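I opened this model to look up a few local features. My notes follow in the order I took them.

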Amino acid sequence: MRDLVEEHTSLSGEDLEHLHRLAGDWQLLADLSFADLLLWLPVAESGFLCAAQVRPTTAPTAYHDDMVGKMATGSVVDQLSTAMIERRIWREGDPVWHDGVPARQEAIPVRRGDRVIAVVGRVTNLAATRVPSQLELSYLQAADDLCLMVAGGTFPPPPAEEKTASAPRVGDGLVRLNSLGVVTYASPNAQSAYRRLGLAGDMVGEELATLTRSLATDPLDGGEVCARIQAAVHGEVKGRTEVEARGATVLIRALPLLPDGTPIGALVLVRDVTDVRRRDKALVTKDATIREIHHRVKNNLQTVAALLRLQARRVGSTDARAALEESVRRVASIALVHETLASSLDETVDFDSIVDRVISMVAEVAAPESRVLVRRVGSFGVLSAQIATPLVTVATELAQNAVEHAYGPGETGEVIVAAHRWRGRLHVRITDNGRGLPENFQLDSSERLGLQIVRTLVTGELNGTLELRPRADGGTEAVLIVPLIPSR
(Lines give C-alpha, C1' and ligand atoms only; values in the text may rest on other atoms or scores of the structure.)
Protein backbone atom coordinates (compact mmCIF):
# COMPACT_ATOMS: atom_id res chain seq x y z
CA MET A 1 0.00 0.00 0.00
CA ARG A 2 2.78 2.43 0.87
CA ASP A 3 4.34 2.09 -2.58
CA LEU A 4 1.02 2.69 -4.34
CA VAL A 5 0.17 5.69 -2.17
CA GLU A 6 3.58 7.32 -2.64
CA GLU A 7 3.65 6.65 -6.38
CA HIS A 8 0.12 7.68 -7.34
CA THR A 9 -1.11 10.17 -4.72
CA SER A 10 0.00 13.19 -2.71
CA LEU A 11 -1.35 11.91 0.60
CA SER A 12 0.68 12.79 3.69
CA GLY A 13 2.39 10.39 6.04
CA GLU A 14 -0.44 10.86 8.56
CA ASP A 15 -2.98 10.00 5.85
CA LEU A 16 -1.04 6.87 4.99
CA GLU A 17 -0.89 5.87 8.66
CA HIS A 18 -4.68 6.25 8.88
CA LEU A 19 -5.13 3.99 5.85
CA HIS A 20 -2.72 1.43 7.32
CA ARG A 21 -4.74 1.34 10.55
CA LEU A 22 -7.93 0.95 8.52
CA ALA A 23 -6.47 -1.95 6.55
CA GLY A 24 -5.20 -3.48 9.79
CA ASP A 25 -8.68 -3.41 11.34
CA TRP A 26 -11.08 -3.87 8.44
CA GLN A 27 -11.27 -7.67 8.57
CA LEU A 28 -13.79 -6.97 11.34
CA LEU A 29 -15.87 -4.82 8.99
CA ALA A 30 -15.64 -7.35 6.14
CA ASP A 31 -16.79 -10.22 8.37
CA LEU A 32 -19.67 -8.22 9.83
CA SER A 33 -20.71 -7.12 6.33
CA PHE A 34 -20.39 -10.57 4.73
CA ALA A 35 -18.69 -8.60 1.96
CA ASP A 36 -15.41 -7.90 0.20
CA LEU A 37 -13.79 -4.55 0.96
CA LEU A 38 -11.58 -2.69 -1.51
CA LEU A 39 -9.63 0.46 -0.69
CA TRP A 40 -9.73 2.88 -3.62
CA LEU A 41 -7.27 5.77 -3.88
CA PRO A 42 -8.20 8.83 -5.95
CA VAL A 43 -5.59 9.40 -8.63
CA ALA A 44 -5.20 11.80 -11.54
CA GLU A 45 -7.98 12.34 -14.11
CA SER A 46 -10.80 11.25 -11.78
CA GLY A 47 -9.59 7.67 -11.61
CA PHE A 48 -9.43 5.31 -8.65
CA LEU A 49 -6.69 2.77 -7.94
CA CYS A 50 -7.24 -0.25 -5.67
CA ALA A 51 -4.57 -0.19 -2.94
CA ALA A 52 -5.82 -2.97 -0.67
CA GLN A 53 -8.41 -5.74 -0.55
CA VAL A 54 -9.85 -8.02 2.11
CA ARG A 55 -12.23 -10.95 1.74
CA PRO A 56 -14.78 -12.01 4.37
CA THR A 57 -14.36 -15.18 6.37
CA THR A 58 -18.11 -15.31 7.00
CA ALA A 59 -19.32 -15.41 3.38
CA PRO A 60 -18.13 -16.25 -0.16
CA THR A 61 -16.04 -13.64 -1.93
CA ALA A 62 -17.34 -11.62 -4.86
CA TYR A 63 -13.87 -11.52 -6.47
CA HIS A 64 -11.87 -14.50 -7.60
CA ASP A 65 -8.93 -12.29 -8.69
CA ASP A 66 -6.83 -9.90 -6.66
CA MET A 67 -7.86 -6.31 -7.38
CA VAL A 68 -4.84 -4.58 -5.82
CA GLY A 69 -3.07 -2.39 -8.36
CA LYS A 70 -6.03 -2.26 -10.76
CA MET A 71 -8.00 0.84 -11.80
CA ALA A 72 -11.75 1.15 -11.28
CA THR A 73 -13.80 0.88 -14.46
CA GLY A 74 -17.33 1.51 -15.67
CA SER A 75 -20.03 2.62 -13.26
CA VAL A 76 -17.78 1.96 -10.26
CA VAL A 77 -15.90 5.19 -10.99
CA ASP A 78 -19.10 7.23 -10.75
CA GLN A 79 -20.08 5.52 -7.50
CA LEU A 80 -16.70 6.19 -5.90
CA SER A 81 -16.68 9.78 -7.13
CA THR A 82 -20.14 10.42 -5.71
CA ALA A 83 -19.17 9.04 -2.31
CA MET A 84 -16.01 11.13 -2.26
CA ILE A 85 -17.49 14.41 -3.48
CA GLU A 86 -20.73 14.25 -1.48
CA ARG A 87 -19.03 12.72 1.57
CA ARG A 88 -21.73 10.13 2.06
CA ILE A 89 -22.20 6.40 1.71
CA TRP A 90 -23.39 5.51 -1.79
CA ARG A 91 -25.93 2.68 -1.84
CA GLU A 92 -28.01 3.38 -4.94
CA GLY A 93 -27.98 1.25 -8.05
CA ASP A 94 -28.86 -2.23 -9.14
CA PRO A 95 -26.72 -5.32 -8.53
CA VAL A 96 -23.83 -5.87 -10.93
CA TRP A 97 -21.98 -8.96 -12.08
CA HIS A 98 -18.37 -9.89 -11.24
CA ASP A 99 -16.99 -12.99 -12.94
CA GLY A 100 -20.52 -14.35 -13.36
CA VAL A 101 -21.44 -13.58 -9.72
CA PRO A 102 -24.22 -11.08 -8.85
CA ALA A 103 -23.02 -8.49 -6.37
CA ARG A 104 -24.30 -5.44 -4.53
CA GLN A 105 -21.91 -2.49 -4.47
CA GLU A 106 -21.57 0.32 -1.95
CA ALA A 107 -19.04 3.13 -1.65
CA ILE A 108 -17.95 4.46 1.75
CA PRO A 109 -15.83 7.64 2.00
CA VAL A 110 -12.78 7.36 4.25
CA ARG A 111 -12.62 10.56 6.22
CA ARG A 112 -9.66 11.90 8.15
CA GLY A 113 -10.23 15.21 9.82
CA ASP A 114 -12.17 17.39 7.39
CA ARG A 115 -10.95 15.59 4.24
CA VAL A 116 -11.94 12.44 2.39
CA ILE A 117 -8.68 10.70 1.55
CA ALA A 118 -9.97 7.46 -0.01
CA VAL A 119 -13.09 5.39 -0.63
CA VAL A 120 -13.91 1.86 0.55
CA GLY A 121 -15.90 -0.29 -1.82
CA ARG A 122 -18.14 -2.81 -0.08
CA VAL A 123 -19.13 -5.60 -2.47
CA THR A 124 -21.51 -8.36 -1.34
CA ASN A 125 -21.84 -11.66 -3.15
CA LEU A 126 -25.59 -12.13 -3.69
CA ALA A 127 -25.36 -15.68 -5.04
CA ALA A 128 -25.50 -17.12 -1.51
CA THR A 129 -28.19 -14.78 -0.19
CA ARG A 130 -30.68 -16.42 2.16
CA VAL A 131 -33.17 -15.41 4.83
CA PRO A 132 -30.97 -13.75 7.47
CA SER A 133 -30.85 -15.10 11.01
CA GLN A 134 -30.71 -13.01 14.16
CA LEU A 135 -26.91 -13.38 14.12
CA GLU A 136 -26.65 -12.10 10.55
CA LEU A 137 -28.98 -9.19 11.22
CA SER A 138 -26.92 -8.23 14.27
CA TYR A 139 -23.72 -8.46 12.21
CA LEU A 140 -25.15 -6.27 9.44
CA GLN A 141 -26.43 -3.67 11.90
CA ALA A 142 -22.98 -3.47 13.52
CA ALA A 143 -21.36 -3.25 10.07
CA ASP A 144 -23.60 -0.34 9.08
CA ASP A 145 -22.62 1.51 12.26
CA LEU A 146 -18.94 0.96 11.54
CA CYS A 147 -19.38 2.14 7.94
CA LEU A 148 -20.91 5.37 9.25
CA MET A 149 -17.90 5.69 11.55
CA VAL A 150 -15.52 5.26 8.58
CA ALA A 151 -17.41 8.01 6.75
CA GLY A 152 -17.35 10.17 9.88
CA GLY A 153 -13.64 9.67 10.58
CA THR A 154 -14.05 7.79 13.88
CA PHE A 155 -13.07 4.35 12.53
CA PRO A 156 -10.45 2.98 12.67
CA PRO A 157 -9.94 3.96 16.30
CA PRO A 158 -6.69 5.67 17.32
CA PRO A 159 -3.83 3.33 18.23
CA ALA A 160 -3.93 2.02 21.79
CA GLU A 161 -1.29 0.34 23.92
CA GLU A 162 -2.14 -3.34 23.66
CA LYS A 163 -1.67 -5.81 26.50
CA THR A 164 -1.68 -8.72 24.05
CA ALA A 165 -0.66 -9.14 20.42
CA SER A 166 -3.49 -11.48 19.36
CA ALA A 167 -6.90 -10.21 18.29
CA PRO A 168 -10.37 -11.79 18.47
CA ARG A 169 -12.39 -12.03 15.27
CA VAL A 170 -16.09 -11.75 14.62
CA GLY A 171 -16.53 -15.51 14.46
CA ASP A 172 -14.83 -15.97 17.84
CA GLY A 173 -17.65 -14.18 19.66
CA LEU A 174 -19.55 -10.90 19.31
CA VAL A 175 -21.47 -8.95 21.95
CA ARG A 176 -23.48 -5.80 21.24
CA LEU A 177 -24.04 -3.27 24.01
CA ASN A 178 -26.45 -0.35 24.15
CA SER A 179 -25.62 3.11 25.47
CA LEU A 180 -26.02 1.86 29.04
CA GLY A 181 -23.56 -1.01 28.56
CA VAL A 182 -26.34 -3.62 28.62
CA VAL A 183 -26.06 -6.64 26.31
CA THR A 184 -28.63 -6.51 23.51
CA TYR A 185 -27.15 -9.40 21.52
CA ALA A 186 -24.53 -12.09 22.15
CA SER A 187 -23.48 -14.62 19.53
CA PRO A 188 -23.44 -18.32 20.45
CA ASN A 189 -19.62 -18.34 20.60
CA ALA A 190 -19.65 -15.34 22.93
CA GLN A 191 -22.13 -17.12 25.18
CA SER A 192 -19.87 -20.19 25.22
CA ALA A 193 -16.80 -18.12 26.13
CA TYR A 194 -18.57 -16.53 29.09
CA ARG A 195 -19.95 -19.87 30.23
CA ARG A 196 -16.34 -21.08 30.46
CA LEU A 197 -15.76 -18.14 32.78
CA GLY A 198 -18.61 -19.38 34.99
CA LEU A 199 -21.72 -17.63 33.67
CA ALA A 200 -24.77 -19.83 34.28
CA GLY A 201 -27.53 -17.82 32.57
CA ASP A 202 -28.03 -15.71 29.44
CA MET A 203 -25.93 -12.64 28.73
CA VAL A 204 -28.70 -10.63 27.10
CA GLY A 205 -30.03 -8.00 29.51
CA GLU A 206 -26.90 -8.07 31.69
CA GLU A 207 -24.56 -5.12 32.15
CA LEU A 208 -21.43 -6.64 30.61
CA ALA A 209 -18.83 -4.64 32.57
CA THR A 210 -20.32 -5.56 35.93
CA LEU A 211 -20.89 -9.16 34.84
CA THR A 212 -17.30 -9.60 33.70
CA ARG A 213 -15.89 -8.10 36.89
CA SER A 214 -18.00 -10.45 39.02
CA LEU A 215 -16.71 -13.50 37.13
CA ALA A 216 -13.00 -12.61 37.18
CA THR A 217 -10.76 -14.53 39.56
CA ASP A 218 -8.43 -11.57 40.11
CA PRO A 219 -10.31 -8.43 41.24
CA LEU A 220 -7.64 -6.21 39.67
CA ASP A 221 -7.99 -7.87 36.28
CA GLY A 222 -11.76 -7.77 36.58
CA GLY A 223 -11.64 -4.07 37.40
CA GLU A 224 -9.41 -3.37 34.41
CA VAL A 225 -11.70 -5.23 32.01
CA CYS A 226 -14.73 -3.51 33.51
CA ALA A 227 -13.11 -0.09 33.02
CA ARG A 228 -12.24 -0.84 29.39
CA ILE A 229 -15.76 -1.98 28.53
CA GLN A 230 -17.26 1.09 30.21
CA ALA A 231 -14.80 3.33 28.38
CA ALA A 232 -15.89 1.85 25.04
CA VAL A 233 -19.54 2.45 25.89
CA HIS A 234 -18.67 6.11 26.46
CA GLY A 235 -16.77 6.41 23.19
CA GLU A 236 -13.19 5.74 24.30
CA VAL A 237 -10.72 3.14 23.04
CA LYS A 238 -8.61 1.29 25.61
CA GLY A 239 -7.29 -1.70 23.64
CA ARG A 240 -7.50 -5.45 24.22
CA THR A 241 -7.16 -7.27 27.53
CA GLU A 242 -7.78 -10.67 29.07
CA VAL A 243 -9.85 -12.00 31.94
CA GLU A 244 -9.34 -15.29 33.80
CA ALA A 245 -11.88 -17.29 35.78
CA ARG A 246 -12.29 -20.95 36.73
CA GLY A 247 -9.16 -21.92 34.82
CA ALA A 248 -10.38 -20.31 31.58
CA THR A 249 -8.94 -17.26 29.81
CA VAL A 250 -10.97 -15.02 27.51
CA LEU A 251 -9.51 -12.26 25.32
CA ILE A 252 -11.74 -9.17 25.15
CA ARG A 253 -11.70 -6.21 22.79
CA ALA A 254 -14.26 -3.43 23.21
CA LEU A 255 -14.91 -1.00 20.33
CA PRO A 256 -17.06 2.12 20.75
CA LEU A 257 -19.92 2.69 18.31
CA LEU A 258 -20.05 6.33 17.18
CA PRO A 259 -22.01 6.33 13.89
CA ASP A 260 -22.90 10.05 14.13
CA GLY A 261 -20.09 11.06 16.46
CA THR A 262 -22.28 10.26 19.49
CA PRO A 263 -21.74 7.08 21.56
CA ILE A 264 -24.63 4.65 21.10
CA GLY A 265 -23.00 1.60 22.66
CA ALA A 266 -20.12 -0.74 21.91
CA LEU A 267 -19.11 -3.90 20.11
CA VAL A 268 -17.24 -6.39 22.26
CA LEU A 269 -15.28 -9.16 20.57
CA VAL A 270 -14.43 -12.13 22.77
CA ARG A 271 -12.24 -15.15 22.14
CA ASP A 272 -11.61 -18.18 24.32
CA VAL A 273 -7.79 -18.42 24.49
CA THR A 274 -7.59 -20.92 27.34
CA ASP A 275 -5.71 -23.54 25.35
CA VAL A 276 -3.39 -20.92 23.84
CA ARG A 277 -2.43 -19.50 27.23
CA ARG A 278 -1.97 -23.01 28.62
CA ARG A 279 0.52 -23.74 25.83
CA ASP A 280 2.21 -20.38 26.44
CA LYS A 281 2.68 -21.25 30.11
CA ALA A 282 4.07 -24.66 29.16
CA LEU A 283 6.56 -22.99 26.81
CA VAL A 284 7.60 -20.54 29.52
CA THR A 285 8.20 -23.45 31.90
CA LYS A 286 10.18 -25.26 29.22
CA ASP A 287 12.27 -22.17 28.47
CA ALA A 288 13.00 -21.70 32.17
CA THR A 289 14.09 -25.33 32.42
CA ILE A 290 16.40 -24.96 29.42
CA ARG A 291 17.94 -21.81 30.88
CA GLU A 292 18.50 -23.60 34.18
CA ILE A 293 20.23 -26.43 32.32
CA HIS A 294 22.54 -23.95 30.60
CA HIS A 295 23.26 -22.35 33.97
CA ARG A 296 24.21 -25.70 35.48
CA VAL A 297 26.34 -26.64 32.46
CA LYS A 298 28.15 -23.34 32.81
CA ASN A 299 28.79 -24.02 36.50
CA ASN A 300 30.05 -27.53 35.75
CA LEU A 301 32.38 -26.27 33.03
CA GLN A 302 33.75 -23.61 35.37
CA THR A 303 34.33 -26.33 37.96
CA VAL A 304 36.22 -28.40 35.37
CA ALA A 305 38.30 -25.36 34.43
CA ALA A 306 39.12 -24.73 38.09
CA LEU A 307 40.21 -28.35 38.58
CA LEU A 308 42.43 -28.21 35.49
CA ARG A 309 43.94 -24.95 36.72
CA LEU A 310 44.74 -26.55 40.10
CA GLN A 311 46.25 -29.55 38.35
CA ALA A 312 48.41 -27.29 36.18
CA ARG A 313 49.91 -25.68 39.27
CA ARG A 314 51.00 -29.08 40.60
CA VAL A 315 52.57 -30.32 37.38
CA GLY A 316 56.33 -29.98 37.15
CA SER A 317 56.61 -30.37 33.38
CA THR A 318 56.40 -27.10 31.47
CA ASP A 319 54.77 -28.76 28.43
CA ALA A 320 52.17 -30.47 30.59
CA ARG A 321 51.39 -27.23 32.38
CA ALA A 322 50.97 -25.39 29.06
CA ALA A 323 48.67 -28.14 27.75
CA LEU A 324 46.48 -27.95 30.86
CA GLU A 325 46.31 -24.14 30.64
CA GLU A 326 45.19 -24.43 27.03
CA SER A 327 42.45 -26.81 28.13
CA VAL A 328 41.37 -24.30 30.78
CA ARG A 329 40.95 -21.62 28.12
CA ARG A 330 38.97 -23.97 25.86
CA VAL A 331 36.60 -24.99 28.61
CA ALA A 332 36.22 -21.39 29.80
CA SER A 333 35.30 -20.17 26.31
CA ILE A 334 32.55 -22.80 26.00
CA ALA A 335 31.29 -21.83 29.46
CA LEU A 336 30.83 -18.27 28.19
CA VAL A 337 28.29 -19.47 25.63
CA HIS A 338 26.27 -21.36 28.23
CA GLU A 339 26.45 -18.39 30.58
CA THR A 340 24.88 -16.22 27.87
CA LEU A 341 22.27 -18.85 27.00
CA ALA A 342 21.30 -19.09 30.68
CA SER A 343 20.04 -15.50 30.53
CA SER A 344 18.60 -15.66 27.00
CA LEU A 345 14.90 -15.97 26.25
CA ASP A 346 15.62 -18.31 23.34
CA GLU A 347 18.43 -20.52 22.07
CA THR A 348 20.37 -17.60 20.58
CA VAL A 349 23.24 -15.45 21.81
CA ASP A 350 24.69 -12.06 21.01
CA PHE A 351 28.03 -13.42 19.84
CA ASP A 352 29.80 -10.05 19.78
CA SER A 353 29.78 -9.82 23.57
CA ILE A 354 31.15 -13.37 23.83
CA VAL A 355 33.96 -12.68 21.36
CA ASP A 356 34.89 -9.48 23.21
CA ARG A 357 35.28 -11.45 26.44
CA VAL A 358 37.22 -14.22 24.66
CA ILE A 359 39.74 -11.88 23.05
CA SER A 360 40.13 -10.06 26.36
CA MET A 361 40.92 -13.41 27.99
CA VAL A 362 43.37 -14.26 25.19
CA ALA A 363 45.18 -10.95 25.63
CA GLU A 364 45.41 -11.41 29.41
CA VAL A 365 47.06 -14.82 29.21
CA ALA A 366 49.60 -13.75 26.57
CA ALA A 367 53.24 -13.82 27.58
CA PRO A 368 54.07 -10.88 29.86
CA GLU A 369 56.94 -9.80 27.64
CA SER A 370 54.76 -9.51 24.53
CA ARG A 371 52.79 -6.38 23.73
CA VAL A 372 50.04 -7.63 21.42
CA LEU A 373 46.72 -5.82 21.02
CA VAL A 374 43.69 -8.00 20.23
CA ARG A 375 40.51 -6.30 18.99
CA ARG A 376 37.27 -7.02 17.13
CA VAL A 377 36.08 -5.34 13.93
CA GLY A 378 32.57 -5.72 12.53
CA SER A 379 29.76 -7.77 14.02
CA PHE A 380 28.99 -11.46 14.36
CA GLY A 381 25.39 -10.66 15.29
CA VAL A 382 22.98 -13.03 16.99
CA LEU A 383 23.77 -16.71 16.48
CA SER A 384 22.02 -19.92 17.43
CA ALA A 385 23.49 -22.07 20.19
CA GLN A 386 24.20 -24.78 17.63
CA ILE A 387 26.60 -22.43 15.83
CA ALA A 388 27.86 -20.40 18.80
CA THR A 389 29.19 -23.29 20.89
CA PRO A 390 31.70 -24.66 18.36
CA LEU A 391 32.42 -21.22 16.90
CA VAL A 392 33.60 -19.78 20.20
CA THR A 393 36.15 -22.59 20.51
CA VAL A 394 37.34 -21.98 16.94
CA ALA A 395 37.67 -18.24 17.50
CA THR A 396 39.52 -18.76 20.78
CA GLU A 397 42.00 -21.21 19.24
CA LEU A 398 42.74 -19.05 16.20
CA ALA A 399 43.17 -15.87 18.25
CA GLN A 400 45.32 -17.67 20.82
CA ASN A 401 47.40 -19.22 18.03
CA ALA A 402 48.03 -15.78 16.52
CA VAL A 403 49.05 -14.25 19.85
CA GLU A 404 51.39 -17.10 20.82
CA HIS A 405 53.08 -17.94 17.51
CA ALA A 406 53.08 -14.76 15.43
CA TYR A 407 55.29 -12.69 17.73
CA GLY A 408 58.46 -13.23 19.66
CA PRO A 409 59.43 -11.96 23.13
CA GLY A 410 59.33 -8.17 23.31
CA GLU A 411 57.67 -7.76 19.90
CA THR A 412 54.60 -5.58 19.43
CA GLY A 413 51.73 -6.33 17.11
CA GLU A 414 48.01 -6.46 16.56
CA VAL A 415 45.56 -9.29 16.11
CA ILE A 416 42.24 -8.35 14.50
CA VAL A 417 39.11 -10.50 14.65
CA ALA A 418 36.86 -9.23 11.85
CA ALA A 419 33.37 -10.51 11.02
CA HIS A 420 30.53 -9.71 8.63
CA ARG A 421 27.50 -11.45 7.16
CA TRP A 422 26.95 -11.88 3.45
CA ARG A 423 24.49 -14.02 1.51
CA GLY A 424 23.51 -16.24 4.39
CA ARG A 425 27.05 -16.88 5.57
CA LEU A 426 29.22 -15.58 8.37
CA HIS A 427 32.68 -14.52 7.20
CA VAL A 428 35.34 -14.36 9.93
CA ARG A 429 38.90 -13.17 9.32
CA ILE A 430 41.55 -13.32 12.06
CA THR A 431 44.70 -11.51 11.00
CA ASP A 432 48.06 -10.62 12.53
CA ASN A 433 51.11 -8.69 11.34
CA GLY A 434 53.65 -11.08 12.84
CA ARG A 435 56.30 -13.41 11.49
CA GLY A 436 53.99 -15.39 9.21
CA LEU A 437 53.47 -19.12 8.65
CA PRO A 438 56.31 -21.62 8.80
CA GLU A 439 57.80 -22.69 5.50
CA ASN A 440 55.81 -25.44 3.70
CA PHE A 441 52.98 -25.12 6.22
CA GLN A 442 49.90 -27.21 5.44
CA LEU A 443 46.77 -26.93 7.60
CA ASP A 444 45.61 -30.47 6.89
CA SER A 445 48.91 -32.00 7.97
CA SER A 446 49.54 -29.77 11.00
CA GLU A 447 50.13 -31.74 14.21
CA ARG A 448 49.19 -28.90 16.56
CA LEU A 449 46.30 -30.00 18.75
CA GLY A 450 44.64 -26.59 18.62
CA LEU A 451 44.55 -26.55 14.81
CA GLN A 452 43.32 -30.14 14.73
CA ILE A 453 40.45 -29.16 17.05
CA VAL A 454 39.66 -26.14 14.86
CA ARG A 455 39.68 -28.18 11.65
CA THR A 456 37.39 -30.84 13.15
CA LEU A 457 34.88 -28.29 14.49
CA VAL A 458 34.79 -26.24 11.29
CA THR A 459 34.19 -29.16 8.95
CA GLY A 460 32.17 -31.38 11.30
CA GLU A 461 30.09 -29.08 13.52
CA LEU A 462 29.89 -25.84 11.55
CA ASN A 463 29.82 -27.29 8.03
CA GLY A 464 32.14 -24.44 7.01
CA THR A 465 35.52 -23.83 5.43
CA LEU A 466 38.83 -22.65 6.91
CA GLU A 467 41.95 -21.37 5.23
CA LEU A 468 45.25 -20.23 6.79
CA ARG A 469 47.37 -18.19 4.40
CA PRO A 470 50.07 -15.51 4.39
CA ARG A 471 49.04 -11.86 4.14
CA ALA A 472 50.30 -9.78 1.25
CA ASP A 473 51.80 -7.16 3.59
CA GLY A 474 53.20 -9.64 6.11
CA GLY A 475 51.71 -11.81 8.79
CA THR A 476 49.01 -14.45 8.63
CA GLU A 477 45.27 -14.51 8.13
CA ALA A 478 42.76 -17.21 8.97
CA VAL A 479 39.61 -17.05 6.84
CA LEU A 480 36.56 -18.86 8.18
CA ILE A 481 33.20 -19.09 6.32
CA VAL A 482 30.23 -20.59 8.17
CA PRO A 483 26.63 -21.06 6.94
CA LEU A 484 24.23 -19.19 9.23
CA ILE A 485 21.63 -21.96 8.94
CA PRO A 486 23.16 -24.97 10.70
CA SER A 487 22.99 -28.31 8.92
CA ARG A 488 20.84 -31.04 10.49
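**Hairpin and strand pairing**

I started at E244, whose bridge partner in β9 is T249. The model is predicted, and I read every entry here with that in mind. Two residues sit between the strands, and R246 takes a positive phi near 55°.

Next I looked for the other partner I had noted for β9. Strand β10 (residues 265–272) pairs with β9 in the antiparallel sense, over eight bridges.

**Burial of β9**

How many residues of strand β9 (residues 248–257) are buried? I found 10 of the 10 buried, so the strand is largely enclosed by the rest of the structure. I recalled that side chains in a regular strand alternate between the two faces of the sheet. I therefore listed each face of β9 separately, and both are covered. On one side I have A248, V250, I252, A254 and P256, all buried. On the other I have T249, L251, R253, L255 and L257, also all buried.

**R122**

I moved on to R122, which is placed in strand β5 (residues 115–125). Is R122 buried or exposed? R122 is buried, at a relative accessible area of 4%, and the cut-off for buried is under 20%.

I wanted the polar partners of this arginine side chain. One is the side chain of S33, in a polar contact of 2.9 Å. Another is the side chain of D144, at 3.1 Å. I also listed what R122 touches, leaving out residues up to four places away in sequence. The list holds S33, A35, D36, L37, R91, R104, Q105, E106, I108, A143, D144 and C147.

**Helices α9 and α11**

Two packed helices are described by the angle between their axes and the distance between the axes. I looked up both values for helix α9 (residues 318–342) and helix α11 (residues 385–405). Their axes come within 9 Å and cross at roughly 145°. The crossing is right-handed.

Which residues make the contact? From α9 I noted E326, R329, R330, S333, I334, V337 and L341. From α11 I noted A385, A388, T389, V392, T393, T396, E397, Q400 and E404. I sorted the residues of this contact by type: six are nonpolar, five polar and five charged.

**Backbone checks**

I checked the peptide bond from F155 to P156. This bond is cis, with omega near 10°. P156 lies in the loop between α4 (134–152) and β6 (174–177).

I then noted two asparagines with positive phi. N440 has phi near 65°, a positive value in a residue other than glycine. N440 is found in the loop between β15 (425–432) and α12 (449–461). Is N440 buried or exposed? N440 is exposed, with a relative accessible area of 69%.

N463 has a positive phi of about 55° and is not a glycine either. I located N463 in the loop between α12 and β16 (465–470). With a relative accessible area of 45%, N463 is partly exposed.

How values were computed:
Residues numbered from 1 in each chain as written. Predicted model: local features only at pLDDT ≥ 70, side-chain atom pairs only at ≥ 80, totals over all residues. Heavy atoms only, no water. Helix = DSSP H or I, 4+ residues; strand = E, 2+ residues; numbered from the N terminus. Buried < 20%, exposed > 50% of the residue type's maximum accessible area, 1.4 Å probe, protein only. Polar contact = N/O pair within 3.5 Å; in protein donor to acceptor, adjacent residues only side chain to side chain. Contact = heavy atoms within 4.5 Å. Axes fitted to C-alpha atoms, helices over the stretch in contact; angles between N-to-C directions. Left-handed = near helix turned anticlockwise from the far one by under 90°. Nonpolar A, V, L, I, M, F, W, Y, C, P; charged D, E, K, R; others polar. Pairing = 2+ DSSP bridges.
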